[in-house]
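Please look over the fold shown below before reading on. The report then goes through its parts in turn.

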Amino acid sequence: MRGPDEQQYTEYVRARLPMLRRIAYLLCGDSHRADDIVQNAITKLYVHWKRARDADNLDAYVRTIIVRTFLNEQRTNWLAKVRLVDRTPDVPAPTGPDYETTQVLH
């Protein structure tokens, strides 16, 4: 996409971004996740911009993209894919015949 189409897309997204983030936040209740949903949705909008700009109600079209993006994430269980922790988990040291074992004396 180039020229006037890209400019229209950029202007639309810039003007509607606060609304899109608000909708995504209302759906998921997490601002970081809402940003991810919006990013995925505006990427889909970019890919389908020529069809979207001809819609009778572009805002409704984009809201539908936001909701479907959220629902698709729900189906794939977003929380199962991402685990946020406040520290690195302890990983046991490798053992077996290929590793030398040493004893630490205190």
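What follows covers the overall fold, the nonpolar core, the aromatic pairs, the salt bridges and a surface patch.

## Overall fold

This is a predicted model. The protein has five helices and zero strands. Along the sequence the pattern reads α-α-α-α-α. The protein has 106 residues, of which 25% count as buried.

Residues 24 or more positions apart account for 66% of them.

## The nonpolar core

In soluble globular proteins, nonpolar side chains tend to be buried together. Here the largest nonpolar core holds 20 residues. Tyr12, Leu45, Trp49 and Ile66 touch the most other members.

Which helices supply at least two residues each? They are α1 (4-28), α2 (31-47), α3 (49-52) and α4 (58-75). Helix α1 gives the largest share, with seven residues.

Neighbours within four places in sequence are left aside here. Ile66 is then in contact with Leu20, Ile23, Ala24 and Leu27, and also with Ile37, Val38 and Ala41.

## Aromatic pairs

A search of the whole structure finds three aromatic pairs. Two of them involve Tyr9. In one, the ring centres of Tyr9 and Tyr46 are 5.1 Å apart and the planes stand at 75°, so the pair is edge-to-face. This pair links distant parts of the chain. Tyr9 sits in helix α1 and Tyr46 in helix α2, 37 residues apart.

Tyr9 has a relative accessible area of 10%, so it is buried. Tyr46 reaches 31% and therefore counts as partly exposed.

Tyr9 also pairs with Trp49. Their ring centres lie 5.6 Å apart with planes at 80°, so this pair is edge-to-face as well. It too links distant parts of the chain, with Tyr9 in helix α1 and Trp49 in helix α3, 40 residues apart. Both Tyr9 and Trp49 are buried.

Ring pairs join Tyr9, Tyr12, Tyr46 and Trp49 into a cluster.

## Salt bridges

The structure holds five salt bridges. Three of them are listed here.

| Salt bridge | Closest N and O atoms |
|---|---|
| Arg53 and Asp5 | 2.0 Å |
| Arg16 and Asp59 | 2.9 Å |
| Arg53 and Asp54 | 3.7 Å |

What does the bridge between Arg53 and Asp5 tie together? Arg53 lies in the loop between α3 and α4, and Asp5 lies in helix α1, so the pair joins parts that are 48 residues apart in sequence. Asp5 has a relative accessible area of 16%, so it is buried. Arg53, at 32% relative accessibility, counts as partly exposed.

The contacts of Asp5 go beyond its bridge partner. Not counting residues up to four places away in sequence, Asp5 touches Trp49, Lys50 and Arg53. Trp49 is thus a contact of Asp5 and a ring partner of Tyr9.

Arg53 also bridges to Asp54. Asp54 is exposed, with a relative accessible area of 57%. Together, Asp5, Arg53 and Asp54 are linked in a network of salt bridges. Its members range from buried Asp5 through partly exposed Arg53 to exposed Asp54.

The bridge between Arg16 and Asp59 links distant parts of the chain. Arg16 is in helix α1 and Asp59 in helix α4, 43 residues apart. Is Asp59 buried or exposed? Its relative accessible area is 19%; the cut-off for buried is under 20%, so Asp59 counts as buried. Arg16 is partly exposed at 27%.

## A surface patch

Leu27, Val67 and Leu71 make a nonpolar surface patch of about 190 Å². Leu27 belongs to helix α1. Its relative accessible area is 31%, so Leu27 is partly exposed.

Note on methods
Residues are numbered from 1 along each chain as its sequence is written. This is a predicted model: local features need pLDDT of at least 70, side-chain atom pairs count only at pLDDT 80 or more; totals for chains, interfaces and linings use all residues. Side-chain values use heavy atoms; hydrogens and water are left out. A nonpolar core is a set of buried Ala, Val, Leu, Ile, Met, Phe, Trp, Tyr and Cys residues joined through side-chain atoms within 4.5 Å. Buried means under 20% relative accessible area, exposed over 50%, partly exposed in between (1.4 Å probe, protein chains only). Helices (H or I, at least four residues) and strands (E, at least two) are DSSP runs, numbered from the N terminus. Contact means heavy atoms within 4.5 Å. Patches are made of residues with over 30% relative accessible area and no salt bridge: like charges are joined within 9 Å, nonpolar side chains (Val, Leu, Ile, Met, Phe, Trp, Tyr) within 5 Å. Accessible areas come from the Shrake-Rupley method with a 1.4 Å probe; for residues, only the protein chains shown count as cover. A salt bridge is a side-chain nitrogen of Lys or Arg within 4 Å of a carboxyl oxygen of Asp or Glu. Rings of Phe, Tyr and Trp (its six-membered ring) pair if their centres lie within 6.5 Å; planes under 30 degrees apart count as stacked, over 60 as edge-to-face and the rest as tilted.
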